[in-house]
Amino acid sequence: MQHDDKNEKPLWAPSPEAVAASGMAAFAALARERHGVALDTYDALHGWSVAHPELFWDAVWDFTGVIGEKGTRILADSGKMPGAKFFPDARLNFAENLLRGEGSDIALHFNNEGEMREPVTRAALRRDVARFAAVLKSWGVGEGDRVAAFMPNCPETIVVMLATASIGAVFSSCSPDFGAKGVLDRFGQIEPKVLVACDGYHYAGKVLPAHDKLAEIIEGLPGLEHVAVVPFIGEGLKGLAKAEDWTSLLATAPDAELSFARLPFAHPLYIMYSSGTTGIPKCIVHSAGGTLLQQLKEHRLHCNLKRGETLFYFTTCGWMMWNWLVSGLAAGATLALYDGSPFHPSERVLFDYIDAVKIDVFGTSAKFIDAVKKAGLKPRETHSLASMRMILSTGSPLVPESFDFVYDDLKRAAALCSISGGTDILSCFVLGSPMLPVWRGEIQAKGLGMAVEVWDEEGRPVTGEKGELVCTRPFPSMPIGFWNDADGAKYRGAYFERFPGVWCHGDFAEITPHGGIVIHGRSDATLNPGGVRIGTAEIYAQVEHLPEVQEALAIGQDWQGDVRVVLFVVMRAGHTLDETMEKRIRDRIRSGASPRHVPAKIVAVADIPRTKSGKITELAVRDIVHGREVKNREALANPEALALYRDLPELQS
């Protein structure tokens, strides 16, 4: 790893008093009391958690107050990966754990591009969940049936999910910006009995009706029996087949007592989807117990989330961070929901929201932080932000310059925690810790209970070198499996083929001398000029620091028996890519990364293709450049951008 002169001291560190008062310190004290182990440092706590998984996860259950019957066995078949079984005798219900707490506590805030609804109390949330659960039961929905949502990130979506989970049915969601084919590629595989959908949504000040898409989706799901339409834009049913009005359904539902089906720990809760950029999306099935326990650990210990605090994550219902956000209810937190553009009606809207509802933990993407920086905003000067004690970032690696921006222009007295995991595990492999300082450009820590290592090509653990991020021991939020994968072949092939018996996540990563982690990009997008592996994030960290460059994407182009690095750049308005700018880009990459990172070709483009969750997709561009068709354009938010990369004359020589 290249030496960083700016990394001689941390950007932020918790006070000894804050460490001692943290949930993580209280958890370490519980472990010490039970097992007589001294766990005064994070390294010691993490080492114990992976060396003694049964003791650790048993303590997590008790410390976080999971509601249910734990049973006597904590981990069976611990040597199998996949195949290990956590809490095989336990019975619990996911919704029961999220709906605990005082009825008068605020459960949900909702902001739709600056338009705020009245807050939802826990009592009101429980009432609506009970009513919709009664509706589902009246429709014959039972354990294992699928309920799908085509919805914005709003309170009604949470009601649907919790009602579904309360009766043991399985929830799956897409956001309404998906096209009909993208939705059918996902929901068509899982054959839902019920669809809950909005009649439209708002984005960047526009009202976007969804009726035409909905009609196509309903027609494409022959097993669908009932459709509930939420009047999000006030247009209602408009003759949609099988459809009933959400408001009327809840108003006429009997005031039944809320009840919860307590089911095995491994009972399916969610079906999630891979991005689908290389084919039909994989349907990833996650368990109620594994999701609950892992996310409680991350919220209560790693985020130090407490009852009465407010948790925010900018996400849609098509990204796993929505599922991660919702579990904050189990920690007693209030959720601050947001739907729409993060820059409408102004670039201040999310910072206004922080101050309006007193957000304590603010989650966003690395791209949002970069966009705020490039817009020249300095929220520290325009907003109070007094409540915000932690900032979370994910979606792509957070570059060192973005760390500088956060501490210079956003807030100095806050923990900046870059986090990384994925849809595959509905949680994080590496994330923050309230016991540790923040170092520039680094993720703070490996997750507790997660046996994370970085391995070289031969499967040897390395520090200070780049390699594959792996997890060598089982953890509760591993998927139950993939939908329609009876023998588990697709599941094993996705994660366990590279290193048998070890989860290989597909991230190109490095462990730093501080014990932190740097993600250099996806392994399948790494560049190999002259046979040397280079992470794309290393290039982006240099290029996107230049104020003239809006965004960048790098691929490896097969060329004359080798691979050459090609860099595509979107220039900011008023700037062009000329010879002088090309030289500045190359000089910056050469000095900030290495001569091997310097692209052979730099090409200006008008747009960069990205997935529905906002991640740029190097693989799709690489396919187009090499004359191969992209298998599933519906997975992209802007598939029209692919045409910009086809048959480029600049890449013919």
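Q: Hi! Which ground rules apply here?
A: Residues are numbered from 1 along each chain as its sequence is written, and side-chain values use heavy atoms, leaving out hydrogens and water. As this is a predicted model, local features need pLDDT of at least 70 and side-chain atom pairs count only at pLDDT 80 or more, while totals for chains, interfaces and linings use all residues.

Q: Thanks! How do the axes of H2 and H11 cross?

A: The axes of H2 (residues 23-35) and H11 (residues 288-302) come within 7 Å and cross at roughly 110°. Axes are lines fitted to C-alpha atoms over the stretch in contact, with angles from 0 to 180 degrees between N-to-C directions. Helices are DSSP runs (H or I, at least four residues), and strands are E runs of at least two, numbered from the N terminus. H2 and H11 are therefore roughly perpendicular (65 to 115 degrees).

Q: And which residues meet there?

A: Gly23, Met24 and Phe27 in H2 meet Arg300, Leu301 and His302 in H11, with contact meaning heavy atoms within 4.5 Å.

Q: Switching to H8, which residues are buried?

A: In H8 (residues 180-190) they are Ala180, Gly182, Val183, Asp185, Arg186, Phe187 and Ile190; buried means under 20% relative accessible area with a 1.4 Å probe, protein chains only.

Q: What do the buried residues of H8 pack against?

A: Their partners include strand E8 (146-150), strand E9 (170-174) and helix H9 (211-219).

Q: What follows H8?

A: Glutamate 191, with a positive phi near 50°.

Terms used
Angles under 35 degrees count as roughly parallel, over 145 as roughly antiparallel, 65 to 115 as roughly perpendicular and the rest as oblique. Buried means under 20% relative accessible area, exposed over 50%, partly exposed in between (1.4 Å probe, protein chains only).
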